[in-house]
Amino acid sequence: MKGDLLFFVFGILPILWLFFSLCLLRLPGRAACPSALAICAALAVALWGMTPGETVSAAAEGVLFALWPIILVIVAALILYKYSIHTGGMEIIKGMLAGASTDKRVLALLLAWGFGGFLEGVAGFGTPVLIPGGILIAMGFPPFAAVVVCLIANTAPTAFATLGVPLLTLADVTGLNARTLGFFTALQIAPLCLIVPFLIVCAAGKSVKAIKGVFLITLFSGLAFLLPILLLTAVAAPELPTLIGGLLSIVTIIVSNKLLYRDTVH
């Protein structure tokens with residue numbers, strides 16, 4: 001038992017070093033990440049008995065995985081974003097989402113939760129905070145509040161991230177079934193999918209009382225995100241749940257706002 005605990009402590013040491021070096025020492029990533037890699041390599045050889053050749057091979061595999069598919073997804077997302085800006089498509093999206101309501105609580109749900117969840121499924125890697133946060137700021141949200149709202153919203157969708165990459169990677173590493181991993185992950189984040197929209201509303205309204213008047217739309221937005229995730233992970237691999245959940249949540253928020261609160265801007 002003590003041995004397992006010791007291995008656990010040393011196993012998370014490189015991650016703790018990254019937090020310490022980036023957040024407290026304020027080292028640039030080009031210095032913090034190679035030093036964390038060096039710590040990993042030293043621990044792998046000293047504690048886990050890996051040979052230098054195996055250690056170099058494992059590091060090379062990590063680099064290749066970073067290039068494919070992670071860097072590929074990031075580059076594709078940036079190209080798509082730049083293209084949408086150049087063609088004016090992003091302005092159309094902004095106008096459609098911003099014109100759905102005048103209530104900041106509903107806008108926070110729509111942009112941070114629905115649109116942010118969709119972006120997490122499509123691109124991830126900061127875009128669910130960067131793009132919705134920028135739109136919220138342009139609509140009058142204080143910058144700090146906009147970032148906080150988007151960060152809160154990005155908790156549940158991150159489990160599946162971009163096209164299910166974390167779970168597909170875990171399946172490859174462990175040999176477990178990707179669909180099984182996806183379904184049990186969906187069950188674990190189910191409470192978050194229902195709670196986080198209410199936290200978003202409270203953060204946007206700066207009070208727990210902000211839930212009053214938008215309780216149903218908040219609940220429906222969480223259910224609209226959760227149900228497709230549970231359904232899709234039960235019958236398919238984990239690539240699409242967050243993307244579909246985000247889209248359905250957007251539609252649900254807009255329709256619920258129009259039918260229940262009649263707050264649509266014409």
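The nonpolar core

Modeller: In this predicted model, the largest nonpolar core has 43 residues, and L109, W113, F115, L136 and I200 touch the most other members. A nonpolar core here is a set of buried Ala, Val, Leu, Ile, Met, Phe, Trp, Tyr and Cys residues joined through side-chain atoms within 4.5 Å; buried means under 20% relative accessible area with a 1.4 Å probe, protein chains only. Two or more residues each come from α5 (89–98), α6 (104–122), α7 (127–138), α8 (143–153), α10 (178–205), α11 (215–235) and α12 (241–261). The most come from α10, which gives 10 residues.

Leaving aside neighbours within four places in sequence, L136 is in contact (heavy atoms within 4.5 Å) with L107, A108, L111, F141, A146, V149 and C150.

As for the whole protein, there are 12 helices and zero strands; helices (H or I, at least four residues) and strands (E, at least two) are DSSP runs, numbered from the N terminus. Buried residues make up 37% of the 266 residues. Among contacts between residues at least 6 apart in sequence, 67% join residues at least 24 apart. The C-alpha trace spans about 65 × 40 × 35 Å along its principal axes.

Residues are numbered from 1 along each chain as its sequence is written, and side-chain values use heavy atoms, with hydrogens and water left out. Local features need pLDDT of at least 70 and side-chain atom pairs count only at pLDDT 80 or more, while totals for chains, interfaces and linings use all residues.

Notes
Buried < 20%, exposed > 50% of the residue type's maximum accessible area, 1.4 Å probe, protein only.
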